[in-house]
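Here is a quick tour of one protein model, written for someone who would rather look than calculate. Have the viewer open as you read.

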Amino acid sequence: MKFAVLKFPGSNCDRDMYNAALKSDVEAEYVDYRNTSLDGFDGVLIPGGFSFGDYLRSGAMASVAPITEAVKQFAKEGKPVLGVCNGFQILTEIGLLPGALLHNDSHLFVSRNESLRVVNHNTAFTNLYNEDEIVVYPVAHGEGHYYCTQDMYDRLEANNQIILKYVNNPNGSFNDIAGIINEQGNVCGMMPHPERAIEPILGTDSGVKLFQAMVNSWREQNV
């Protein structure tokens with residue numbers, strides 16, 4: 001398996017994503033935002049940071065970058081896409097995931113480890129966790145409040161698209177939502193950073209299973 005790690009001006013978690021992929025014993029390669037193809041890749045990782053300085057709003061300018069059309073086609077083909085933090089914001093901006101990310105209720109940048117509950121462990125991203133397992137991922141965002149309407153939330157619930165919820169909501173996200181998937185189950189977005197939770201020396205290695213789950217799920221379908 002080979003992951004594409006996208007790089008936008010202002011990305012700052014691309015190396016973390018790259019290292020997480022390598023730790024999962026697969027290949028990874030950086031892909032510039034000006035590229036128009038993802039040929040040769042089996043998965044896409046969209047990292048956190050401040051793409052294009054978060055001008056207009058987080059992820060808005062990245063949503064019209066040349067690479068995003070390739071990401072849309074990649075997802076349409078059923079291939080795995082993971083967007084974390086700014087990557088999650090980009091996925092909502094390009095319409096691959098529902099909802100939007102707003103300023104934290106506190107209007108402060110939040111940076112700390114957070115406990116999360118795995119509310120759906122039957123996905124390609126979470127199937128190595130147990131149901132209701134508590135994991136610890138860092139958060140680092142100023143616009144992490146996941147917003148959706150009640151009708152949209154009801155659809156997310158009905159389709160089992162909510163995969164992670166905060167134990168102690170740090171940003172005001174609707175019903176504590178921290179991470180979701182699309183209806184097809186191959187696109188995942190979350191504000192917490194599993195790629196920063198892969199070494200015990202960092203305080204948590206809860207994120208290792210997420211990347212291993214992605215790799216294992218791909219191998220089961222393609223090898």
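## Ground rules

Buried here means under 20% relative accessible area, exposed means over 50%, and partly exposed is anything in between, using a 1.4 Å probe and protein chains only. This is a predicted model, where local features need pLDDT of at least 70 and side-chain atom pairs count only at pLDDT 80 or more, while totals for chains, interfaces and linings use all residues. Residues are numbered from 1 along each chain as its sequence is written, and side-chain values use heavy atoms, leaving out hydrogens and water.

## F52, in a loop

With a relative accessible area of 19%, F52 counts as buried. You'll find F52 in the loop between β3 and α2 (67-76); helices (H or I, at least four residues) and strands (E, at least two) are DSSP runs, numbered from the N terminus.

Who touches F52? Leaving aside neighbours within four places in sequence, F52 is in contact (heavy atoms within 4.5 Å) with F8, P9, Y33, M61 and A62.

## Strands around β1

Strands count as paired if DSSP finds at least two bridges between them. β1 (residues 2-7) pairs with β2 (residues 27-32) in the parallel sense, over six bridges. To get from β1 to β2, the chain passes through helix α1 (residues 14-23), and this β-α-β crossover is right-handed: with the strands pointing away from the viewer, the path from the first strand over the helix to the second runs clockwise. As for individual partners, V5 bridges to Y30 in β2.

β1 also pairs with β3 in the parallel sense, this time over three bridges. There, F3 has G43 as its bridge partner.

## Helix α3, mostly covered

Seven of the eight residues of α3 (residues 86-93) are buried. They are N86, G87, F88, Q89, I90, L91 and T92. The cover over these buried residues includes β3 (43-46), β4 (81-84), β5 (100-102), β8 (145-147), β10 (177-181) and β11 (187-190).

Just after α3, look for G95, which takes a positive phi of about 80°.

## T126, another loop residue

T126 sits in the loop between β6 (110-118) and β7 (134-141). Is T126 buried or exposed? At 1% relative accessibility, T126 is buried.

Its side chain makes a 2.7 Å polar contact with the side chain of T123. A polar contact is a pair of N or O atoms within 3.5 Å; within protein, one must be able to donate a hydrogen and the other to accept it, and residues adjacent in sequence count only if both atoms are side-chain atoms. Beyond neighbours within four places in sequence, T126 is in contact with V118, N120, H121, I163 and A213.
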